[in-house]
Amino acid sequence: MAVLPDLPAAVMACAEGRRFVAEHLCRWEVPFQACDTVVLLTSELIANAVRHGPPPLCLQVDVDQGRVRVAVSDSNPALPVLTRPDYEAVGGRGLWLIDTMAEAWGCTPQPPGKVVWCEVLLT
């Protein structure tokens with residue numbers, strides 16, 4: 001497991017998180033196609049945390065039993081709600097992308113906030 005315990009709640013958070021995850025997946029020799037998916041979903045998890053949850057933010061990535069799990073924690077106890085935005089909406093697709101592309105995802109309360117996670121299979 002790799003942890004980035006103090007992810008900034010700022011414009012650079014997504015880029016920093018993507019780089020962190022990509023570097024670790026490369027070290028762990030995760031297949032290229034799975035890496036691309038995980039990096040994209042990491043960006044969506046972080047963007048949601050930056051937008052909806054106050055700091056501190058923490059990013060975790062782990063490879064185990066044929067899957068990659070990414071988790072982002074924030075300090076907002078409000079749980080995310082999956083919606084399907086209409087075609088003209090400017091935003092609101094992050095959780096929908098996660099739901100569509102991940103094998104599984106969820107949210108676990110962790111006072112004072114929550115952890116939102118997703119898993120991608122390596123096959």
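Author: What follows covers the overall fold first and then a single residue.
Author: This is a predicted model, in which local features need pLDDT of at least 70 and side-chain atom pairs count only at pLDDT 80 or more, while totals for chains, interfaces and linings use all residues. Residues are numbered from 1 along each chain as its sequence is written, and side-chain values use heavy atoms, with hydrogens and water left out.

Reader: OK, how many helices and strands does the protein chain have?
Author: The protein chain has 3 helices and 5 strands, where helices (H or I, at least four residues) and strands (E, at least two) are DSSP runs numbered from the N terminus. Read from the N terminus, their order is β-α-α-β-β-α-β-β.

Reader: And how much of the protein chain is buried?
Author: Of its 123 residues, 41% count as buried, meaning under 20% relative accessible area, with exposed being over 50% and partly exposed in between (1.4 Å probe, protein chains only).

Reader: Switching topic, where does Trp28 sit?
Author: Trp28 lies in the loop between α1 (13-27) and α2 (32-52).

Reader: Is Trp28 buried, partly exposed or exposed?
Author: Trp28 is partly exposed, at a relative accessible area of 31%.

Reader: Which residues does Trp28 touch, not counting those up to four places away in sequence?
Author: With contact meaning heavy atoms within 4.5 Å, Trp28 touches Met1, Ala2, Val61, Asp62 and Val63. Trp28 and Val63 are 35 residues apart in sequence, and their C-alpha atoms are 7.9 Å apart in space.
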